[in-house]
Amino acid sequence: MKKANLIASLLLLAFASFFVIEGGKMPMADGLSPGAGFVPFWVGAFTGFLSLLLLIQSVRSKTLTGKKFFSGKGQGLKDIAYISLSLFGYCGFILLIGYSVATFLFLFFLLKVVGKYGPRASLGLSAGITAALYGIFEAWLDMAFPAGVVPLF
């Protein structure tokens with residue numbers, strides 16, 4: 001697991017650096033509202049911070065004990081496939097059913113299938129995270145997200 005964490009943290013750090021650099025090239029503010037670079041920059045910065053923590057933890061880890069990343073009947077590969085396919089589905093459905101519903105379904109799927117949480121925990125966490133993101137970005141920062149073509153609510 002140590003080797004997988006090292007590789008993952010370095011890849012995430014490179015990915016986060018790209019977001020910070022490219023987000024920094026765009027305006028951070030547009031008058032009193034956030035600019036086009038606000039979200040990519042801060043998502044990249046937060047991802048970079050978390051990947052640095054994982055890198056430090058992986059380097060400090062002395063043993064290679066624990067579950068291997070690609071063992072156990074291919075569970076690691078299944079999880080990567082589930083995450084990748086759900087991301088593509090999320091990108092496709094966000095314009096069709098809207099940001100809030102697509103985000104809720106995306107999070108619920110990840111928590112239930114990949115995270116192996118129970119149905120109540122998955123529902124509660126998905127609803128809470130979706131509500132928090134909606135409150136921060138739609139209500140507080142007044143950023144418009146796709147409402148969706150198909151009215152579900």
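**Briefing on the predicted model**

D142 counts as exposed, at 65% relative accessibility, where exposed means over 50% relative accessible area, buried under 20% and partly exposed in between (1.4 Å probe, protein chains only). The model is predicted: local features need pLDDT of at least 70, side-chain atom pairs count only at pLDDT 80 or more, and totals for chains, interfaces and linings use all residues. Residues are numbered from 1 along each chain as its sequence is written, and side-chain values use heavy atoms, with hydrogens and water left out.

**Overall make-up**

- The protein chain holds five helices and two strands; helices (H or I, at least four residues) and strands (E, at least two) are DSSP runs, numbered from the N terminus.
- Read from the N terminus, the order of elements is α-β-β-α-α-α-α.
- Buried residues make up 22% of the 153 residues of the protein chain.
- Among contacts in the protein chain with a separation of 6 or more, 55% join residues 24 or more positions apart, a contact being heavy atoms within 4.5 Å.

**The largest nonpolar core**

- Ten residues form the largest nonpolar core: Y90, I94, I97, Y99, V101, A102, F106, L107, L110 and V114. Such a core is a set of buried Ala, Val, Leu, Ile, Met, Phe, Trp, Tyr and Cys residues joined through side-chain atoms within 4.5 Å.
- Helices α3 (75-97) and α4 (99-114) each supply at least two residues of this core, and the largest share, seven residues, comes from α4.
- Leaving aside residues up to four places away in sequence, V114 touches D79, Y82, I83 and F109.

**A nonpolar surface patch**

- F46, F49, L50 and L53 form a nonpolar patch on the surface, with about 400 Å² of accessible area together. For such a patch, residues have over 30% relative accessible area and no salt bridge, and nonpolar side chains (Val, Leu, Ile, Met, Phe, Trp, Tyr) are joined within 5 Å; a salt bridge is a side-chain nitrogen of Lys or Arg within 4 Å of a carboxyl oxygen of Asp or Glu.
- L53 lies in helix α2 (residues 38-60) and is partly exposed, with a relative accessible area of 41%.

**Positive phi values**

- K116, in the loop between α4 and α5 (119-140), has a positive phi near 60° although it is not glycine, and K116 counts as exposed at 54% relative accessibility.
- D142, in the segment after α5, is another residue other than glycine with a positive phi, near 55°.

Note on methods
Patch = residues over 30% accessible without salt bridge, like charges linked within 9 Å, V, L, I, M, F, W, Y side chains within 5 Å. Areas by Shrake-Rupley, 256 points an atom, 1.4 Å probe, with all protein chains shown as cover.
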